[in-house]
Amino acid sequence: MRRAVCPGSFDPVTNGHVDVITRVAALYDELVVAVLVNPGKAGLFTVDERMELLREAVAELPNVVVDSFSGLLVDYCRSHDIPVVVKGLRAVGDFEYELQMAQMNRELAGVETLFVPTAPQVGHLSSSLVKQIATFGGDVSRLVPEGVLDRLLAKREAS
Ligand SMILES: Cc1cn(CCC(=O)O)c2ccccc12
């Protein structure tokens, strides 16, 4: 079974993520979308909320599994028998860091990394930008899956 993992924070998932996940899912028997648990960085959504929003967003993709992990990505790959990491690239600015991580992950554990360019119409999206716009009352309805929009508005009301 050909499996890959798409790691990220997904705080929250955006239409840019969904675009890449959908395209990558078509290339593998199974795709794991793995939410990174970062104890040192409290996000807007909890890890469980991020996973729930991701599951809603990829519900139409039967071969996509949502999971979470803490620690090294390569340890997750080893323990789940996943030989390849697939990452979305939004802009040239993403590449330098991603290249370093890819080289390190190959050196550490022989895990390969493939890069998928985001579609131009969603290349400008990032979770942090979406959160900023939503915080100040901007319309993010075309930038995130429907379930995320509702939760973003609820978070804004609660704050
Ligand atoms: C464009 C893009 C960025 N990332 C990191 C997401 C993050 O760290 O929140 C992705 C993860 C999966 C698919 C596409 C992407």
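User: What are the ground rules on numbering and confidence?

Analyst: Residues are numbered from 1 along each chain as its sequence is written, and side-chain values use heavy atoms, with hydrogens and water left out. The model is predicted: local features need pLDDT of at least 70, side-chain atom pairs count only at pLDDT 80 or more, and totals for chains, interfaces and linings use all residues.

User: How many aromatic pairs does a search of the whole structure find?

Analyst: Two.

User: Why is the pair of F69 and Y76 called tilted?

Analyst: Rings of Phe, Tyr and Trp (its six-membered ring) pair if their centres lie within 6.5 Å; planes under 30 degrees apart count as stacked, over 60 as edge-to-face and the rest as tilted. The centres of F69 and Y76 are 5.5 Å apart and the planes stand at 45 degrees, so the pair is tilted.

User: What makes F95 and F115 edge-to-face?

Analyst: Their planes are 65 degrees apart, with 5.9 Å from centre to centre. F95 belongs to helix α4 (residues 92-109) and F115 to strand β5 (residues 112-117), 20 residues apart. Helices (H or I, at least four residues) and strands (E, at least two) are DSSP runs, numbered from the N terminus.

User: Why does F69 count as buried, and why is F95 partly exposed?

Analyst: Buried means under 20% relative accessible area, exposed over 50%, partly exposed in between (1.4 Å probe, protein chains only). F69 has 7%, so it is buried. Y76, at 6%, is buried too. F95 has 36%, so it is partly exposed. F115, at 26%, is partly exposed as well.

User: Which residues surround the ligand?

Analyst: P7, G8, S9, F10, H17, V20, G88, R90 and T118. The cut-off for being near is a heavy atom within 4 Å. β1 (3-8) and α1 (15-25) are the elements that give two or more residues to this shell.

User: Why is D81 called exposed?

Analyst: Its relative accessible area is 64%, so D81 is exposed. D81 lies in the loop between α3 (73-79) and β4 (84-89). Phi of D81 is also positive, near 55 degrees.
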